[in-house]
Amino acid sequence: MSDEDIYRAVDGIREPDPTLGKRPKPSEVERPAVALSPPDQGGDAPVRPRRKRVVLAQPRRTSSASMRARVELAEQTSWGKLLVHDLVKVQLRLGVSLFGLVVVLLGLLPLLFHHLPEVATWRVIGIPVSWMLLGIAPFPLLFGVGLWYNRQAERHERDFVAMIEN
């Protein structure tokens, strides 16, 4: 086939091949001939390509200690249970401490309004400050505490995995 057969000229502009981007039907696919038996002594029989091993990454070398720790965790032996229990305890301590922080910060707002009633009369842009503190301020606080908890929990989990693998 020549270029003119593949592309048609329309007013000096070439149109792309109409089969471009379409998958050929299985009957239209041309497959190269492959010799299934070794070539004879003489002749032009096709030669089988040599196999090549492709390595995408170096194999990981796991030490016997990390393998032992993984087995301990998988089998839930007493040592594996202790490791998991310590991780859960650290995560729980973090969660309870951040919960306490939120309760204290949000619990101080009603006490502030009770002991300083003039704060309830303050206005910003015509909106009472007490409404802003009770209706708007908790959301950035909760978002920040949630983000902080997430980062700390992931750090604890990375430390746990590093301890297991080393």
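This passage describes the predicted model of a single chain, from its overall make-up to a few individual residues.

Some ground rules come first. In this predicted model, local features need a pLDDT of at least 70 and side-chain atom pairs count only at pLDDT 80 or more, while totals for chains, interfaces and linings use all residues. Residues are numbered from 1 along each chain as its sequence is written, and side-chain values use heavy atoms, with hydrogens and water left out.

The average pLDDT (the predictor's confidence in each residue, from 0 to 100) is 79 for the chain, and 74% of the residues score at least 70. Helix H1 (residues 3-6) has the lowest confidence, with a mean of 52, whereas helix H5 (residues 138-165) has the highest, at 92. Where pLDDT is low, the predicted coordinates should not be read in detail.

The chain contains 5 helices and 4 strands. Here, helices (H or I, at least four residues) and strands (E, at least two) are DSSP runs numbered from the N terminus. Read from the N terminus, the order of elements is α-β-β-α-α-β-β-α-α. Of the 166 residues, 14% are buried; buried means under 20% relative accessible area, exposed means over 50%, and partly exposed lies in between (1.4 Å probe, protein chains only). The chain exposes about 14,700 Å², with carbon and sulfur atoms supplying 61% of that area, as computed by the Shrake-Rupley method with a 1.4 Å probe, where for residues only the protein chains shown count as cover. Contacts (heavy atoms within 4.5 Å) can also be sorted by sequence separation: among those between residues at least 6 apart, 52% join residues at least 24 apart.

Helix H3 has 38 residues and spans 54 Å from its first C-alpha to its last, close to the 56 Å expected; the expected span is 1.5 Å times one less than the number of residues. Its buried residues are Gly80, Leu83, Leu87, Gln91, Leu94, Leu98, Val102, Leu109 and Phe113. Helix H5, with 28 residues, reaches 40 Å between its first and last C-alpha, close to the expected 40 Å. Buried residues in H5 include Pro138, Val145, Ala153, His156, Phe160 and Ile164. In an α-helix there are 3.6 residues a turn, so residues three or four places apart point the same way.

The largest nonpolar core consists of 6 residues, namely Ala69, Leu73, Leu83, Leu87, Phe160 and Ile164. Helix H2 (64-75), helix H3 (78-115) and H5 each give two or more residues to this core. Such a core is a set of buried Ala, Val, Leu, Ile, Met, Phe, Trp, Tyr and Cys residues joined through side-chain atoms within 4.5 Å. Within it, Leu73 is in contact with Gly80, Leu83, Val84, Phe160 and Ile164, leaving aside neighbours within four places in sequence. Met163, also found in helix H5, is partly exposed at 45% relative accessibility. The C-alpha atoms of Met163 and Leu83 are 9.8 Å apart in space, although the two residues are 80 apart in sequence.

Gln91, in helix H3, is buried, with a relative accessible area of 12%. Beyond residues up to four places away in sequence, Gln91 touches Tyr149, Ala153, His156 and Glu157. The side chains of Gln91 and Glu157 make a polar contact at 3.5 Å. A polar contact is a pair of N or O atoms within 3.5 Å; within protein, one must be able to donate a hydrogen and the other to accept it, and residues adjacent in sequence count only if both atoms are side-chain atoms.

Ala120 sits in the loop between H3 and strand E3 (123-124) and is partly exposed, at 37% relative accessibility. Leaving aside neighbours within four places in sequence, Ala120 is in contact with Pro128 and Ser130. Ser130 belongs to helix H4 (residues 129-135) and is buried, with a relative accessible area of 11%; with residues up to four places away set aside, Ser130 touches Phe113 as well as Ala120. Ile125, in the loop between E3 and strand E4 (127-128), is exposed, at 80% relative accessible area. Although not a glycine, Ile125 has a positive phi of about 55 degrees.
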